[in-house]
Amino acid sequence: MKLNRIFVACTLVAMSYGAHSNQPLVVTDFGPVVTQPLAEDVSRITAATATTSTTIMNATRNVIAAVHASGSEAAKATLSAASKTSTDQLTAAQIQMKLEMDYQAQLEALRQKDLTKLISDESDASVKFIESFLRREDIKHLNISEVIDYTKKEVDAKAAVVEPSALAPSCNRGDTACEAKKEEMKNVGFERKFTPSSHLLTYAEMCAVGKKRQTKKAAETAAQNRTHIDSAKKSQETLNKTNSKEAQSVRLKEQISSNCTPDAVEKGLCGTVTKGDYIEKVLKNEIIPNGGVSASNLYAPAPVGGAGILNLEDPQLQKMAKIVEFDSLEKTAGGKKDLPPIVQTYRNSAQLKAAEAFVENIVNLDAIGNQPVSERKKETSVAFQSKFMSRAAQLDLAKSTLNQSVAERRGQKLSGIPMSSIQQGEMIKEVEDGAGPLDLKWHQIQEDMNKVSPANIDQLTAMSDNQIWLEMYTTLVKKNEAQFERMIRLERQSLLLAALLAAEANDPENIEYLKRVGE
(Lines give C-alpha, C1' and ligand atoms only; values in the text may rest on other atoms or scores of the structure.)
Protein backbone atom coordinates (compact mmCIF):
# COMPACT_ATOMS: atom_id res chain seq x y z
CA MET A 1 0.00 0.00 0.00
CA LYS A 2 2.93 2.36 0.73
CA LEU A 3 4.53 1.77 -2.76
CA ASN A 4 1.20 2.39 -4.39
CA ARG A 5 0.96 5.77 -2.69
CA ILE A 6 4.50 6.67 -3.93
CA PHE A 7 3.72 5.55 -7.41
CA VAL A 8 0.57 7.63 -7.48
CA ALA A 9 2.46 10.70 -6.22
CA CYS A 10 5.15 10.39 -8.89
CA THR A 11 2.54 10.02 -11.56
CA LEU A 12 0.72 13.14 -10.42
CA VAL A 13 4.01 15.17 -10.43
CA ALA A 14 4.79 14.04 -13.91
CA MET A 15 1.33 14.89 -15.09
CA SER A 16 1.58 18.33 -13.53
CA TYR A 17 4.91 18.95 -15.06
CA GLY A 18 3.78 17.91 -18.48
CA ALA A 19 0.70 20.02 -18.28
CA HIS A 20 2.60 23.25 -17.44
CA SER A 21 5.55 22.85 -19.84
CA ASN A 22 5.22 24.00 -23.47
CA GLN A 23 8.69 23.01 -24.48
CA PRO A 24 9.41 19.83 -26.41
CA LEU A 25 11.58 17.09 -24.91
CA VAL A 26 15.35 17.50 -25.39
CA VAL A 27 17.15 14.52 -26.85
CA THR A 28 20.26 13.56 -24.95
CA ASP A 29 22.93 11.11 -25.58
CA PHE A 30 21.74 8.71 -22.86
CA GLY A 31 19.75 5.63 -23.95
CA PRO A 32 18.04 4.94 -27.16
CA VAL A 33 16.74 7.67 -29.35
CA VAL A 34 13.26 8.85 -28.47
CA THR A 35 11.09 8.65 -31.48
CA GLN A 36 7.59 9.19 -29.82
CA PRO A 37 6.35 12.58 -28.56
CA LEU A 38 6.10 13.15 -24.77
CA ALA A 39 2.36 13.91 -24.79
CA GLU A 40 1.52 10.38 -25.86
CA ASP A 41 3.62 8.92 -23.06
CA VAL A 42 1.90 11.09 -20.55
CA SER A 43 -1.44 9.95 -21.88
CA ARG A 44 -0.50 6.31 -21.58
CA ILE A 45 0.85 6.75 -18.08
CA THR A 46 -2.38 8.47 -17.04
CA ALA A 47 -4.50 5.62 -18.42
CA ALA A 48 -2.34 3.02 -16.73
CA THR A 49 -2.65 4.87 -13.45
CA ALA A 50 -6.45 4.92 -13.70
CA THR A 51 -6.53 1.22 -14.51
CA THR A 52 -4.27 0.43 -11.56
CA SER A 53 -6.41 2.53 -9.21
CA THR A 54 -9.58 0.76 -10.37
CA THR A 55 -7.97 -2.64 -9.87
CA ILE A 56 -6.80 -1.67 -6.41
CA MET A 57 -10.25 -0.37 -5.47
CA ASN A 58 -11.99 -3.54 -6.74
CA ALA A 59 -9.51 -5.68 -4.84
CA THR A 60 -10.15 -3.62 -1.74
CA ARG A 61 -13.91 -4.08 -2.12
CA ASN A 62 -13.45 -7.83 -2.56
CA VAL A 63 -11.29 -8.02 0.53
CA ILE A 64 -13.83 -6.03 2.52
CA ALA A 65 -16.68 -8.29 1.30
CA ALA A 66 -14.68 -11.40 2.11
CA VAL A 67 -13.90 -10.10 5.57
CA HIS A 68 -17.56 -9.19 6.10
CA ALA A 69 -18.71 -12.60 4.86
CA SER A 70 -16.27 -14.45 7.08
CA GLY A 71 -17.35 -12.30 10.05
CA SER A 72 -21.05 -13.04 9.42
CA GLU A 73 -20.41 -16.80 9.36
CA ALA A 74 -18.55 -16.58 12.63
CA ALA A 75 -21.32 -14.49 14.15
CA LYS A 76 -23.90 -16.98 12.89
CA ALA A 77 -21.95 -19.87 14.37
CA THR A 78 -21.66 -18.05 17.67
CA LEU A 79 -25.37 -17.18 17.67
CA SER A 80 -26.32 -20.75 16.76
CA ALA A 81 -24.23 -22.13 19.58
CA ALA A 82 -25.78 -19.69 22.01
CA SER A 83 -29.28 -20.55 20.77
CA LYS A 84 -28.63 -24.29 21.10
CA THR A 85 -27.45 -23.81 24.67
CA SER A 86 -30.60 -21.83 25.53
CA THR A 87 -32.84 -24.50 23.97
CA ASP A 88 -31.11 -27.23 25.93
CA GLN A 89 -31.48 -25.25 29.10
CA LEU A 90 -35.19 -24.64 28.40
CA THR A 91 -35.76 -28.33 27.66
CA ALA A 92 -33.99 -29.30 30.86
CA ALA A 93 -36.09 -26.81 32.81
CA GLN A 94 -39.30 -28.20 31.28
CA ILE A 95 -38.30 -31.77 32.14
CA GLN A 96 -37.44 -30.77 35.67
CA MET A 97 -40.74 -28.92 36.05
CA LYS A 98 -42.69 -31.96 34.75
CA LEU A 99 -40.90 -34.25 37.18
CA GLU A 100 -41.65 -31.91 40.04
CA MET A 101 -45.30 -31.67 39.01
CA ASP A 102 -45.53 -35.47 38.71
CA TYR A 103 -44.01 -35.83 42.15
CA GLN A 104 -46.43 -33.32 43.68
CA ALA A 105 -49.35 -35.01 41.88
CA GLN A 106 -48.29 -38.41 43.23
CA LEU A 107 -48.02 -37.03 46.74
CA GLU A 108 -51.49 -35.49 46.48
CA ALA A 109 -52.88 -38.72 45.04
CA LEU A 110 -51.43 -40.68 47.95
CA ARG A 111 -52.81 -38.15 50.41
CA GLN A 112 -56.29 -38.38 48.88
CA LYS A 113 -56.10 -42.18 48.88
CA ASP A 114 -55.17 -42.13 52.57
CA LEU A 115 -58.17 -39.91 53.25
CA THR A 116 -60.60 -42.22 51.46
CA LYS A 117 -59.44 -45.67 52.53
CA LEU A 118 -61.20 -47.33 55.45
CA ILE A 119 -58.30 -49.50 56.60
CA SER A 120 -55.00 -47.98 57.63
CA ASP A 121 -52.85 -50.48 55.69
CA GLU A 122 -55.19 -50.88 52.72
CA SER A 123 -53.59 -50.71 49.25
CA ASP A 124 -54.31 -51.77 45.68
CA ALA A 125 -52.20 -54.88 46.20
CA SER A 126 -54.12 -55.91 49.34
CA VAL A 127 -57.47 -55.39 47.61
CA LYS A 128 -56.38 -57.60 44.68
CA PHE A 129 -55.17 -60.23 47.15
CA ILE A 130 -58.58 -60.29 48.88
CA GLU A 131 -60.42 -60.40 45.57
CA SER A 132 -58.35 -63.33 44.33
CA PHE A 133 -58.76 -65.16 47.64
CA LEU A 134 -62.55 -64.88 47.59
CA ARG A 135 -62.68 -66.47 44.13
CA ARG A 136 -61.16 -69.72 45.38
CA GLU A 137 -63.34 -72.75 44.81
CA ASP A 138 -62.69 -74.24 48.26
CA ILE A 139 -64.36 -71.36 50.12
CA LYS A 140 -67.28 -70.52 47.85
CA HIS A 141 -69.66 -72.69 49.88
CA LEU A 142 -68.87 -70.86 53.14
CA ASN A 143 -70.65 -67.77 54.41
CA ILE A 144 -68.60 -64.67 55.12
CA SER A 145 -68.24 -65.36 58.85
CA GLU A 146 -66.84 -68.82 58.16
CA VAL A 147 -64.52 -67.37 55.51
CA ILE A 148 -63.16 -64.90 58.06
CA ASP A 149 -62.55 -67.70 60.58
CA TYR A 150 -60.80 -69.77 57.93
CA THR A 151 -58.64 -66.77 56.99
CA LYS A 152 -57.58 -66.22 60.59
CA LYS A 153 -56.48 -69.84 60.94
CA GLU A 154 -54.98 -70.61 57.53
CA VAL A 155 -54.05 -67.39 55.74
CA ASP A 156 -53.13 -64.55 58.12
CA ALA A 157 -49.82 -66.03 59.27
CA LYS A 158 -48.36 -66.23 55.77
CA ALA A 159 -50.21 -63.54 53.84
CA ALA A 160 -47.99 -60.99 52.07
CA VAL A 161 -48.29 -58.63 49.15
CA VAL A 162 -45.74 -56.92 46.90
CA GLU A 163 -46.25 -53.20 46.98
CA PRO A 164 -45.37 -51.46 43.65
CA SER A 165 -43.40 -48.25 43.45
CA ALA A 166 -45.38 -45.41 44.89
CA LEU A 167 -44.07 -42.93 42.29
CA ALA A 168 -44.96 -44.60 39.02
CA PRO A 169 -44.60 -42.25 36.03
CA SER A 170 -47.57 -40.34 34.74
CA CYS A 171 -47.88 -40.84 31.00
CA ASN A 172 -49.36 -38.69 28.27
CA ARG A 173 -52.07 -40.18 26.15
CA GLY A 174 -50.61 -42.30 23.37
CA ASP A 175 -47.15 -42.57 24.96
CA THR A 176 -46.74 -46.34 24.57
CA ALA A 177 -43.16 -46.39 25.80
CA CYS A 178 -44.16 -44.67 29.04
CA GLU A 179 -47.16 -46.97 29.49
CA ALA A 180 -44.96 -50.02 29.00
CA LYS A 181 -42.55 -48.74 31.62
CA LYS A 182 -45.41 -48.04 33.98
CA GLU A 183 -46.69 -51.59 33.51
CA GLU A 184 -43.24 -53.01 34.28
CA MET A 185 -43.05 -51.00 37.50
CA LYS A 186 -46.16 -52.75 38.79
CA ASN A 187 -44.07 -55.85 39.42
CA VAL A 188 -41.33 -53.95 41.18
CA GLY A 189 -41.65 -53.20 44.87
CA PHE A 190 -41.20 -54.63 48.34
CA GLU A 191 -42.92 -57.44 50.21
CA ARG A 192 -45.23 -56.47 53.05
CA LYS A 193 -47.21 -58.69 55.43
CA PHE A 194 -50.82 -57.92 56.33
CA THR A 195 -53.83 -59.63 57.93
CA PRO A 196 -56.55 -60.42 55.35
CA SER A 197 -59.06 -61.42 58.05
CA SER A 198 -59.23 -57.88 59.46
CA HIS A 199 -59.74 -56.49 55.96
CA LEU A 200 -62.46 -59.05 55.22
CA LEU A 201 -64.20 -58.22 58.49
CA THR A 202 -64.28 -54.52 57.62
CA TYR A 203 -65.52 -55.16 54.09
CA ALA A 204 -68.16 -57.58 55.36
CA GLU A 205 -69.48 -55.02 57.83
CA MET A 206 -69.62 -52.36 55.11
CA CYS A 207 -71.53 -54.63 52.75
CA ALA A 208 -73.79 -55.92 55.50
CA VAL A 209 -75.02 -52.49 56.63
CA GLY A 210 -77.23 -51.89 53.62
CA LYS A 211 -78.11 -55.56 53.18
CA LYS A 212 -79.18 -55.98 56.79
CA ARG A 213 -81.30 -52.86 56.60
CA GLN A 214 -83.00 -54.15 53.46
CA THR A 215 -83.48 -57.60 54.98
CA LYS A 216 -85.02 -56.14 58.11
CA LYS A 217 -87.31 -53.88 56.12
CA ALA A 218 -88.38 -56.72 53.84
CA ALA A 219 -89.07 -58.97 56.85
CA GLU A 220 -91.14 -56.26 58.53
CA THR A 221 -93.15 -55.58 55.40
CA ALA A 222 -93.84 -59.24 54.66
CA ALA A 223 -94.82 -60.05 58.25
CA GLN A 224 -97.10 -57.02 58.61
CA ASN A 225 -98.79 -57.56 55.26
CA ARG A 226 -99.52 -61.23 55.89
CA THR A 227 -100.71 -60.62 59.46
CA HIS A 228 -102.99 -57.77 58.43
CA ILE A 229 -104.40 -59.75 55.50
CA ASP A 230 -105.22 -62.74 57.72
CA SER A 231 -106.74 -60.45 60.35
CA ALA A 232 -108.80 -58.45 57.85
CA LYS A 233 -110.17 -61.64 56.34
CA LYS A 234 -111.34 -62.89 59.75
CA SER A 235 -112.82 -59.52 60.67
CA GLN A 236 -114.75 -59.34 57.41
CA GLU A 237 -116.17 -62.80 57.97
CA THR A 238 -117.16 -61.93 61.53
CA LEU A 239 -118.87 -58.66 60.56
CA ASN A 240 -121.02 -60.51 58.05
CA LYS A 241 -122.20 -63.14 60.53
CA THR A 242 -125.62 -62.63 62.03
CA ASN A 243 -125.51 -65.39 64.66
CA SER A 244 -123.00 -64.46 67.35
CA LYS A 245 -123.28 -67.75 69.22
CA GLU A 246 -122.57 -69.75 66.12
CA ALA A 247 -119.56 -67.55 65.29
CA GLN A 248 -118.13 -67.89 68.79
CA SER A 249 -118.66 -71.65 68.74
CA VAL A 250 -116.71 -72.02 65.50
CA ARG A 251 -113.89 -69.89 66.86
CA LEU A 252 -113.57 -71.87 70.09
CA LYS A 253 -113.63 -75.22 68.28
CA GLU A 254 -110.75 -74.11 66.05
CA GLN A 255 -108.73 -73.11 69.10
CA ILE A 256 -109.35 -76.29 71.08
CA SER A 257 -107.58 -78.48 68.54
CA SER A 258 -104.25 -76.68 69.06
CA ASN A 259 -104.73 -75.46 72.64
CA CYS A 260 -105.58 -78.76 74.32
CA THR A 261 -105.09 -79.13 78.06
CA PRO A 262 -104.39 -82.42 79.85
CA ASP A 263 -108.00 -82.52 81.09
CA ALA A 264 -109.32 -82.11 77.54
CA VAL A 265 -107.09 -84.96 76.36
CA GLU A 266 -108.37 -87.25 79.10
CA LYS A 267 -111.95 -86.54 78.03
CA GLY A 268 -111.12 -87.11 74.37
CA LEU A 269 -111.85 -83.53 73.32
CA CYS A 270 -108.62 -83.09 71.37
CA GLY A 271 -109.38 -85.20 68.34
CA THR A 272 -106.90 -87.99 67.69
CA VAL A 273 -104.39 -86.79 70.30
CA THR A 274 -103.67 -89.48 72.90
CA LYS A 275 -102.00 -89.33 76.29
CA GLY A 276 -98.94 -91.08 74.87
CA ASP A 277 -98.09 -88.51 72.26
CA TYR A 278 -99.47 -85.48 74.13
CA ILE A 279 -96.27 -84.82 76.09
CA GLU A 280 -94.12 -84.99 72.96
CA LYS A 281 -96.44 -82.67 71.04
CA VAL A 282 -96.46 -80.19 73.92
CA LEU A 283 -92.65 -80.20 74.12
CA LYS A 284 -92.46 -79.64 70.36
CA ASN A 285 -94.97 -76.78 70.59
CA GLU A 286 -97.33 -78.58 68.26
CA ILE A 287 -99.87 -78.16 71.02
CA ILE A 288 -99.81 -75.02 73.20
CA PRO A 289 -102.03 -75.68 76.23
CA ASN A 290 -104.32 -72.70 76.75
CA GLY A 291 -102.41 -70.91 73.98
CA GLY A 292 -105.48 -68.80 73.15
CA VAL A 293 -105.22 -67.06 76.52
CA SER A 294 -101.40 -67.15 76.88
CA ALA A 295 -99.81 -63.73 76.74
CA SER A 296 -96.35 -65.25 77.15
CA ASN A 297 -96.80 -67.26 73.95
CA LEU A 298 -97.71 -64.05 72.11
CA TYR A 299 -94.73 -61.91 73.12
CA ALA A 300 -92.17 -64.51 74.30
CA PRO A 301 -92.68 -67.84 72.46
CA ALA A 302 -90.66 -70.61 74.12
CA PRO A 303 -88.30 -72.97 72.24
CA VAL A 304 -89.71 -75.86 74.27
CA GLY A 305 -93.35 -76.00 75.32
CA GLY A 306 -95.03 -77.33 78.44
CA ALA A 307 -94.20 -74.62 80.98
CA GLY A 308 -96.69 -74.88 83.82
CA ILE A 309 -98.14 -78.09 82.36
CA LEU A 310 -95.18 -80.48 82.43
CA ASN A 311 -92.46 -80.94 85.03
CA LEU A 312 -89.52 -79.69 82.99
CA GLU A 313 -87.16 -80.36 85.90
CA ASP A 314 -87.54 -84.09 85.31
CA PRO A 315 -84.17 -85.38 83.94
CA GLN A 316 -85.93 -87.52 81.37
CA LEU A 317 -87.97 -84.59 80.11
CA GLN A 318 -84.88 -82.38 80.07
CA LYS A 319 -83.15 -84.80 77.70
CA MET A 320 -86.21 -84.83 75.48
CA ALA A 321 -86.36 -81.02 75.66
CA LYS A 322 -82.79 -80.68 74.34
CA ILE A 323 -83.58 -82.93 71.39
CA VAL A 324 -86.80 -81.07 70.71
CA GLU A 325 -85.14 -77.66 70.87
CA PHE A 326 -82.45 -78.74 68.39
CA ASP A 327 -85.10 -79.97 65.99
CA SER A 328 -87.61 -77.15 66.53
CA LEU A 329 -86.59 -75.30 63.34
CA GLU A 330 -86.27 -76.36 59.73
CA LYS A 331 -82.61 -76.82 58.79
CA THR A 332 -81.13 -74.91 55.88
CA ALA A 333 -78.04 -75.43 53.72
CA GLY A 334 -75.01 -73.15 53.91
CA GLY A 335 -73.13 -71.56 56.77
CA LYS A 336 -74.81 -71.03 60.13
CA LYS A 337 -72.31 -68.75 61.87
CA ASP A 338 -73.52 -65.30 62.92
CA LEU A 339 -77.10 -65.96 61.87
CA PRO A 340 -79.65 -63.94 63.88
CA PRO A 341 -80.83 -66.42 66.53
CA ILE A 342 -84.51 -67.34 66.81
CA VAL A 343 -85.53 -66.03 70.23
CA GLN A 344 -88.70 -63.93 69.92
CA THR A 345 -89.80 -65.43 66.59
CA TYR A 346 -92.56 -68.07 66.47
CA ARG A 347 -90.92 -71.41 65.74
CA ASN A 348 -93.89 -72.99 64.05
CA SER A 349 -97.41 -72.36 62.81
CA ALA A 350 -98.96 -73.69 66.05
CA GLN A 351 -97.35 -70.93 68.11
CA LEU A 352 -98.44 -68.34 65.55
CA LYS A 353 -102.02 -69.64 65.51
CA ALA A 354 -102.15 -69.56 69.32
CA ALA A 355 -100.97 -65.92 69.26
CA GLU A 356 -103.66 -65.01 66.73
CA ALA A 357 -106.25 -66.80 68.88
CA PHE A 358 -105.11 -64.74 71.86
CA VAL A 359 -105.79 -61.55 69.86
CA GLU A 360 -109.22 -62.79 68.76
CA ASN A 361 -110.17 -63.67 72.33
CA ILE A 362 -109.18 -60.23 73.63
CA VAL A 363 -111.00 -58.34 70.87
CA ASN A 364 -114.07 -60.66 70.94
CA LEU A 365 -115.50 -59.06 67.82
CA ASP A 366 -118.04 -61.85 67.27
CA ALA A 367 -119.73 -61.30 70.65
CA ILE A 368 -122.48 -59.41 68.79
CA GLY A 369 -123.80 -60.58 65.46
CA ASN A 370 -124.71 -58.20 62.70
CA GLN A 371 -128.16 -57.71 61.22
CA PRO A 372 -129.07 -59.39 57.96
CA VAL A 373 -128.00 -57.42 54.91
CA SER A 374 -131.59 -56.65 53.98
CA GLU A 375 -132.21 -54.99 57.36
CA ARG A 376 -129.07 -52.89 57.65
CA LYS A 377 -130.23 -49.91 55.54
CA LYS A 378 -133.67 -49.54 57.08
CA GLU A 379 -134.43 -46.54 59.25
CA THR A 380 -135.35 -48.80 62.12
CA SER A 381 -131.80 -50.21 62.04
CA VAL A 382 -130.00 -46.87 62.25
CA ALA A 383 -129.43 -46.94 66.00
CA PHE A 384 -128.17 -50.51 66.00
CA GLN A 385 -125.93 -50.06 62.97
CA SER A 386 -124.47 -46.88 64.43
CA LYS A 387 -123.47 -48.56 67.70
CA PHE A 388 -122.43 -51.77 65.96
CA MET A 389 -120.07 -49.98 63.56
CA SER A 390 -118.65 -47.78 66.34
CA ARG A 391 -117.85 -50.86 68.40
CA ALA A 392 -116.33 -52.66 65.41
CA ALA A 393 -114.11 -49.66 64.59
CA GLN A 394 -112.81 -49.38 68.16
CA LEU A 395 -112.13 -53.10 68.38
CA ASP A 396 -110.38 -53.08 65.01
CA LEU A 397 -108.03 -50.37 66.24
CA ALA A 398 -107.20 -52.45 69.30
CA LYS A 399 -106.79 -55.54 67.14
CA SER A 400 -104.41 -53.69 64.81
CA THR A 401 -102.18 -52.79 67.74
CA LEU A 402 -102.13 -56.36 69.01
CA ASN A 403 -101.43 -57.64 65.50
CA GLN A 404 -98.37 -55.42 65.34
CA SER A 405 -96.80 -57.44 68.16
CA VAL A 406 -97.68 -60.66 66.33
CA ALA A 407 -96.18 -59.38 63.06
CA GLU A 408 -92.87 -58.46 64.74
CA ARG A 409 -92.49 -62.10 65.80
CA ARG A 410 -93.53 -63.68 62.52
CA GLY A 411 -90.61 -65.29 60.70
CA GLN A 412 -89.63 -65.40 57.06
CA LYS A 413 -91.29 -68.66 56.07
CA LEU A 414 -94.50 -68.17 58.04
CA SER A 415 -94.84 -64.66 56.58
CA GLY A 416 -95.38 -66.28 53.20
CA ILE A 417 -98.10 -68.71 54.30
CA PRO A 418 -101.73 -67.76 55.02
CA MET A 419 -102.80 -69.37 58.28
CA SER A 420 -106.16 -70.27 56.77
CA SER A 421 -104.41 -72.59 54.30
CA ILE A 422 -102.95 -74.79 57.08
CA GLN A 423 -105.08 -77.85 57.73
CA GLN A 424 -106.06 -79.04 61.18
CA GLY A 425 -103.30 -81.13 62.72
CA GLU A 426 -100.72 -79.78 60.25
CA MET A 427 -97.66 -77.90 61.56
CA ILE A 428 -95.10 -75.91 59.57
CA LYS A 429 -91.68 -75.14 61.06
CA GLU A 430 -89.91 -71.82 60.65
CA VAL A 431 -86.49 -71.98 58.96
CA GLU A 432 -83.45 -71.48 61.17
CA ASP A 433 -82.32 -68.42 59.17
CA GLY A 434 -85.83 -66.92 59.05
CA ALA A 435 -85.71 -64.66 62.11
CA GLY A 436 -88.57 -62.22 62.45
CA PRO A 437 -88.25 -58.42 62.57
CA LEU A 438 -87.87 -58.28 66.36
CA ASP A 439 -85.02 -60.79 66.40
CA LEU A 440 -83.33 -58.99 63.51
CA LYS A 441 -83.41 -55.72 65.45
CA TRP A 442 -82.04 -57.33 68.60
CA HIS A 443 -79.29 -59.05 66.63
CA GLN A 444 -78.22 -55.70 65.19
CA ILE A 445 -78.11 -54.20 68.68
CA GLN A 446 -75.93 -57.08 69.88
CA GLU A 447 -73.53 -56.60 66.96
CA ASP A 448 -73.20 -52.89 67.73
CA MET A 449 -72.52 -53.66 71.38
CA ASN A 450 -69.82 -56.18 70.42
CA LYS A 451 -68.03 -53.55 68.35
CA VAL A 452 -67.31 -51.45 71.42
CA SER A 453 -66.65 -54.34 73.80
CA PRO A 454 -63.17 -54.80 75.37
CA ALA A 455 -62.74 -58.00 73.34
CA ASN A 456 -62.61 -55.93 70.15
CA ILE A 457 -60.33 -53.17 71.38
CA ASP A 458 -57.67 -54.07 68.78
CA GLN A 459 -60.16 -53.66 65.98
CA LEU A 460 -61.28 -50.30 67.35
CA THR A 461 -57.75 -48.93 67.53
CA ALA A 462 -57.01 -50.15 64.00
CA MET A 463 -59.87 -48.13 62.51
CA SER A 464 -58.96 -45.33 60.15
CA ASP A 465 -60.46 -41.86 60.54
CA ASN A 466 -62.80 -42.51 57.62
CA GLN A 467 -63.99 -45.75 59.15
CA ILE A 468 -64.71 -44.03 62.46
CA TRP A 469 -66.69 -41.32 60.66
CA LEU A 470 -68.61 -43.99 58.76
CA GLU A 471 -69.51 -45.76 62.00
CA MET A 472 -70.69 -42.47 63.46
CA TYR A 473 -72.92 -41.77 60.46
CA THR A 474 -74.26 -45.33 60.54
CA THR A 475 -75.10 -44.97 64.22
CA LEU A 476 -76.88 -41.71 63.48
CA VAL A 477 -78.99 -43.43 60.81
CA LYS A 478 -79.91 -46.21 63.24
CA LYS A 479 -80.85 -43.62 65.82
CA ASN A 480 -83.15 -41.92 63.33
CA GLU A 481 -84.76 -45.26 62.47
CA ALA A 482 -85.34 -46.00 66.16
CA GLN A 483 -86.86 -42.56 66.68
CA PHE A 484 -89.16 -43.08 63.70
CA GLU A 485 -90.33 -46.45 65.08
CA ARG A 486 -90.89 -44.84 68.46
CA MET A 487 -92.94 -42.11 66.79
CA ILE A 488 -95.13 -44.77 65.13
CA ARG A 489 -95.67 -46.50 68.47
CA LEU A 490 -96.57 -43.23 70.16
CA GLU A 491 -99.04 -42.54 67.38
CA ARG A 492 -100.63 -45.94 67.96
CA GLN A 493 -100.89 -45.18 71.69
CA SER A 494 -102.51 -41.86 70.91
CA LEU A 495 -105.04 -43.59 68.66
CA LEU A 496 -105.93 -46.04 71.41
CA LEU A 497 -106.38 -43.22 73.92
CA ALA A 498 -108.57 -41.41 71.41
CA ALA A 499 -110.65 -44.55 70.98
CA LEU A 500 -111.07 -44.88 74.75
CA LEU A 501 -112.20 -41.27 74.93
CA ALA A 502 -114.68 -41.84 72.12
CA ALA A 503 -116.01 -44.96 73.84
CA GLU A 504 -116.50 -43.04 77.06
CA ALA A 505 -118.32 -40.24 75.26
CA ASN A 506 -120.54 -42.79 73.49
CA ASP A 507 -121.42 -44.65 76.65
CA PRO A 508 -125.04 -45.88 76.42
CA GLU A 509 -125.99 -44.03 79.58
CA ASN A 510 -124.73 -40.74 78.14
CA ILE A 511 -126.60 -41.31 74.92
CA GLU A 512 -129.83 -42.16 76.72
CA TYR A 513 -129.44 -39.09 78.90
CA LEU A 514 -128.97 -36.82 75.89
CA LYS A 515 -132.03 -38.31 74.22
CA ARG A 516 -134.21 -37.64 77.27
CA VAL A 517 -132.94 -34.09 77.60
CA GLY A 518 -133.56 -33.39 73.95
CA GLU A 519 -137.17 -34.54 73.98
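## Basis

The model is predicted: local features need pLDDT of at least 70 and side-chain atom pairs count only at pLDDT 80 or more, while totals for chains, interfaces and linings use all residues. Residues are numbered from 1 along each chain as its sequence is written, and side-chain values use heavy atoms, with hydrogens and water left out.

## Second largest pocket

Of its 37 lining residues, Glu-254, Gln-255, Ser-257, Ser-258 and Lys-353 are the closest to the centre. Helix 6 (196-240), helix 7 (244-256), helix 9 (275-283) and helix 12 (349-363) each give two or more residues to the lining. By class, the lining holds 16 charged, 11 polar and 10 nonpolar residues.

A pocket here is an open set of points on a 1 Å grid over the protein atoms alone, where a 1.4 Å probe fits, with protein on both sides within 12 Å along at least five of seven lines; lining residues have an atom within 4 Å of a point. Helices are DSSP runs (H or I, at least four residues), numbered from the N terminus. Asp, Glu, Lys and Arg count as charged; Ala, Val, Leu, Ile, Met, Phe, Trp, Tyr, Cys and Pro as nonpolar; the others, Gly among them, as polar.

## Ser-197

Leaving aside neighbours within four places in sequence, Ser-197 is in contact (heavy atoms within 4.5 Å) with Ile-148, Thr-151, Lys-152 and Asp-156.

## Salt bridges

Asp-230 pairs with Arg-226 at 3.8 Å; both lie in helix 6, four residues apart. Asp-230 is buried, with a relative accessible area of 9%.

Glu-356 forms a salt bridge with Lys-234 at 3.9 Å. Glu-356 is in helix 12 and Lys-234 in helix 6, so the pair ties together parts 122 residues apart in sequence. Glu-356 is buried at 8%, whereas Lys-234 is partly exposed at 32%.

Notes. A salt bridge is a side-chain nitrogen of Lys or Arg within 4 Å of a carboxyl oxygen of Asp or Glu. Buried means under 20% relative accessible area, exposed over 50%, partly exposed in between (1.4 Å probe, protein chains only).
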